[in-house]
Amino acid sequence: MREIPDHTIRIAETSEDIGRCMKIRKEVFVDEQGYDISIETNNDDNRSTHFLLLLNEQIPIGTLRFINENNQLGRFAILKEYRGLGLGKPLLIAVHDYVKAKGGKEVWCQSQAGDPTQGGVDATGFYKRLGYIDKGDRYIKEGTEHQDMVFVL
Ligand SMILES: CC(C)(COP(=O)(O)OP(=O)(O)OC[C@H]1O[C@@H](n2cnc3c(N)ncnc32)[C@H](O)[C@@H]1OP(=O)(O)O)[C@@H](O)C(=O)NCCC(=O)NCCS
């Protein structure tokens with residue numbers, strides 16, 4: 001069994017931690033994936049709980065937001081150099097635990113479902129691996145293909 005690096009996950013409650021989350025998102029979604037900075041943050045951020053993943057309790061390397069009103073998670077990002085180490089999974093599970101503790105029954109997301117051979121990003125395999133199932137048909141959002149996916153807690 002592989003060893004997952006030491007890490008900490010906490011809810012971003014201070015402006016410093018929220019800033020750390022936003023910095024990671026900018027690096028991943030704007031600088032790496034090319035989304036416009038003007039759509040990377042939006043009103044949903046104000047009504048979301050933001051999660052921060054740190055390596056060795058120090059280095060901010062991942063984030064995810066959960067929109068409490070409609071049980072939607074999104075803006076899930078691990079910095080490129082730290083992917084594939086098994087750190088995305090505990091971050092997602094931390095959100096599941098948070099929702100379960102509030103009495104939530106399911107969560108859902110709009111997963112990117114682009115074609116990697118055409119330069120797209122496909123995260124559906126990640127969510128499937130964690131037990132998410134497709135809901136409905138694929139659709140185009142912000143210029144790229146997406147798939148709604150649901151997880152029953
Ligand atoms: C999607 C993302 C958060 C996954 O994080 P990660 O740290 O690389 O994931 P993990 O290492 O925890 O992987 C967990 C499991 O999912 C699998 N997995 C990860 N990415 C996968 C993919 N794209 N397709 C299929 N399986 C995948 C891993 O192999 C691992 O399986 P295992 O438990 O059997 O070993 C990360 O790739 C990322 O930040 N991507 C860029 C931003 C993005 O596109 N976010 C999604 C927005 S919808």
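In helix H3, the buried residues are Gly88, Leu91, Leu92, Val95 and Val99. Buried means 20 or more other C-beta atoms within 10 Å of a residue's own, exposed means 12 or fewer, and partly exposed falls in between, with C-beta atoms placed from the backbone. The five H3 residues lie on the same side of the helix, because they cover an arc of only 95° around the axis. That arc is taken over the directions from the helix axis to the C-beta atoms. The model is predicted: local features need pLDDT of at least 70, side-chain atom pairs count only at pLDDT 80 or more, and totals for chains, interfaces and linings use all residues. Residue numbers start from 1 along each chain as its sequence is written.

**Helix H3**

- H3 spans residues 88-101, 14 residues in total. Helices (H or I, at least four residues) and strands (E, at least two) are DSSP runs, numbered from the N terminus.
- From first C-alpha to last, H3 reaches 20 Å, close to the 20 Å expected at 1.5 Å a residue. The expected span is 1.5 Å times one less than the number of residues.
- An α-helix has 3.6 residues a turn, so residues three or four places apart point the same way.
- Ile93, Lys100 and Ala101 are exposed, on the face of H3 turned away from its buried side.
- Contact requires C-beta atoms, placed from the backbone, within 7 Å.

**Domains**

- The domain assignment gives domain 1 (1-86) and domain 2 (105-153). Such bounds come from an automatic or database domain assignment.
- Taken over C-alpha atoms, the centres of domain 1 and domain 2 are separated by 17 Å.
- Contacts link 7 residues of domain 1 with 7 residues of domain 2.
- On the domain 1 side that touches domain 2, S4 gives the largest share, 3 residues.
- That side of domain 1 has 3 nonpolar, 4 polar and no charged residues. Ala, Val, Leu, Ile, Met, Phe, Trp, Tyr, Cys and Pro count as nonpolar, Asp, Glu, Lys and Arg as charged, and the others, Gly among them, as polar.

**Ligand shell**

- There are 19 residues around the ligand, and Arg83, Gly88, Lys89, Gly125 and Phe126 come nearest. A residue is near if its C-beta atom, placed from the backbone, lies within 6 Å.
- S4, H3, S5 and H4 are the elements giving two or more residues to this shell.
- The shell divides into 9 nonpolar, 6 polar and 4 charged residues.
- Domain 1 and domain 2 both give residues to the shell, so the ligand lies between them.

**Single residues**

- Most residues other than glycine have a negative phi.
- Glu57 has a positive phi of about 60° although it is not a glycine. Glu57 sits in the loop between S2 and S3 and counts as exposed because it has 9 C-beta neighbours inside 10 Å.
- Arg75, in strand S4, also has a positive phi, near 50°. Arg75 counts as buried, with 24 C-beta neighbours inside 10 Å.
- Lys23 belongs to helix H1 (residues 15-32). Lys23 is partly exposed, with 13 other C-beta atoms within 10 Å.
- Lys23 and Gly62 are 39 residues apart in sequence, and 9.8 Å apart in space from C-alpha to C-alpha.

Definitions and conventions:
Two residues are in contact if their C-beta atoms, placed from the backbone, lie within 7 Å.
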